[in-house]
Amino acid sequence: MAALLLVILILLPVAVLAEPVHDSSALKAQSARTEPLTISEVLARIELTHPLLRAAGVERMQARAKILKALGAWEPTLKNITEAARFQTFNFLSTVDENTGGFNDTKLEVGHPWGFRVGGGIRNGIGDQYTQHVHAKIPDVLLFYPQQQMIFAGSGKLLRGLMVNDEYAEFQKAELAGPQAEIAVAQKRQDLYLAGAVQYWDWQVAVKQGEMVKRVLAVAEERLVQIQGMAKGGKVAPLDVIEASQEVQGRREAAIYAQRKIEYEQYKLSLYLWENGEPVTPRPEWAPEFQGETPLPTGEQIAANKVAAKEDRPEVRDLYIEAKKNNIDLKLAKNYLLPQFDFKGGRMDAAADWLMGVGYGFETKFAMPLFQREGRGKVMYAEADQQQLAFKQLYTEQQVSIDVDNWLSAQVRARDRVKAATEALRLAKTLEEGERTRFNMGASTVLFVNLRERNVVESAYKLYRAQADYAVSRGGMLYATGALAKPWPESELAKYGNPLTAAGAYGFKQQGRD
């Protein structure tokens with residue numbers, strides 16, 4: 001009894017593992033689905049729900065944040081300042097003259113990207129400076145009473161920093177962060193589209209291979225029953241029964257491995273199919289048939305594809321943005337070669353000066369480095385970056401052009417493989433049928449029948465793999481031209497979700513935000 005229980009415990013996990021494994025999310029999400037899963041649906045679901053595409057969209061918000069941060073350099077600022085001072089003046093007669101005075105300023109300061117800054121407001125005087133004992137009184141620009149006056153001030157950069165300065169350069173770069181964020185989203189989209197398509201076809205190959213392995217397993221099991229009956233009648237040797245039994249076990253092991261392969265590929269594909277915040281595991285019965293051959297692109301289309309690749313590929317577009325940033329840095333670096341000549345003036349802000357009657361102050365500052373090492377260094381660095389970008393742009397443009405040729409070659413060779421594999425499978429099936437007929441007539445052995453059937457399975461797998469590679473090559477051509485960097489058509493997106501809330505549109509500025 002104990003031995004029987006031990007055998008049951010050992011065999012039970014094996015029986016459980018042999019069953020197909022499905023993720024519970026798939027059973028809950030689309031349990032009643034009957035239509036096949038198309039490549040269009042896979043790409044649409046990536047555009048609608050993929051978390052990594054949504055994460056790339058966050059860069060759009062970061063780009064707007066950079067602009068807001070850069071605009072802070074010229075933020076209109078309201079200031080309120082109160083200053084007061086007390087002075088004791090000793091004369092020759094040892095008398096003491098004490099004065100207490102100050103002011104309260106309320107003013108608004110505004111900057112301009114060209115390097116100017118202005119401010120104005122109201123000053124309310126406080127203390128003894130406005131009494132009859134104090135003669136240092138500035139009566140101009142009065143407002144409603146003698147203790148209240150208008151104040152104004154300004155500053156500017158007249159050479160270095162005029163129209164070109166660090167703050168303005170930072171703002172110009174921040175304005176390029178928006179287009180660069182769109183390029184980052186396009187880059188992530190095309191990578192996910194291509195990876196999802198490759199995984200989709202790998203899953204389909206695994207499903208087709210699993211179906212083929214199950215069919216040949218069923219044939220082997222039927223043949224085993226047939227040979228066992230023939231062995232009982234003395235028509236075949238007992239060794240043939242062992243041969244057929246071994247073949248059944250081998251194909252059963254292959255079927256288990258094929259089932260594991262299906263589950264492995266479907267779980268990987270589920271990471272591209274999201275619904276209600278969780279991945280949806282596709283079922284084997286959702287796998288469609290392979291598509292047929294499509295016409296190859298003509299020479300004119302290939303030339304047009306290369307032009308489109310140099311314009312639409314995110315890798316090339318990103319280098320254009322980097323080149324614009326470099327031009328800003330170079331312009332700023334050349335501005336550092338100019339002498340520094342700054343100006344500022346306005347009402348005095350010190351209580352002591354105000355008590356003494358000094359109402360206005362003006363200041364100019366001139367400075368010129370003798371060797372201009374900092375400026376020349378900045379220019380040299382920016383020009384070096386410019387040369388690097390030129391080389392990168394040359395390489396990237398040639399790379400995307402080669403990608404078009406490479407995927408065209410993949411498409412042509414995969415098409416040829418499909419034709420050769422189709423013919424090989426046809427011949428293998430013919431040999432299989434002929435060998436089976438010979439076996440039924442007693443002119444062959446079970447070993448040769450098994451070999452013919454294995455050859456059919458191998459030829460079928462090669463055909464499935466060639467068909468999958470052909471489909472991938474067609475998608476690779478879209479990748480090479482930059483077509484996969486663009487959102488999937490809304491007509492397809494609307495079938496599976498709301499295009500307005502798609503993951504690819506995440507981070508766009510919406511009404512009422514920012």
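Aromatic pairs, then. A search of the whole structure finds 8 of them. Keep in mind that this is a predicted model.

Take Trp74 and Phe171 to begin with. Their ring centres are 5.8 Å apart and the planes make an angle of 80°, an edge-to-face pair. Where do the two residues lie? Trp74 is in the loop between helix H4 (51-71) and strand S1 (77-90), while Phe171 belongs to helix H5, residues 166-232. The pair therefore ties together parts that are 97 residues apart in sequence. Are these two buried or exposed? Trp74 has 11% relative accessibility, and the cut-off for buried is under 20%, so Trp74 counts as buried. Phe171, at 14%, counts as buried as well.

Next, Tyr193 and Trp488. Here the centres are 6.0 Å apart and the planes stand at 85°; anything over 60 degrees is edge-to-face, so this pair is edge-to-face. Tyr193 is in helix H5, and Trp488 is in the loop between helix H11 (446-481) and helix H12 (490-493). That means the pair ties together parts 295 residues apart in sequence. Tyr193 counts as buried, with a relative accessibility of 0%.

Which residues form a cluster through ring pairs? They are Tyr200, Trp201, Trp203, Phe290 and Tyr464.

Last, charges over rings. Arg60 lies over the face of Phe508, 3.8 Å from the ring centre. Lys378 has its charged end over the ring of Tyr336, at 4.9 Å from the centre of that ring.

Technical notes
Residues numbered from 1 in each chain as written. Predicted model: local features only at pLDDT ≥ 70, side-chain atom pairs only at ≥ 80, totals over all residues. Heavy atoms only, no water. Phe/Tyr/Trp six-rings, centres within 6.5 Å; stacked < 30°, edge-to-face > 60°. Helix = DSSP H or I, 4+ residues; strand = E, 2+ residues; numbered from the N terminus. Buried < 20%, exposed > 50% of the residue type's maximum accessible area, 1.4 Å probe, protein only. Lys NZ or Arg CZ within 6 Å of the ring centre and 35° of its normal.
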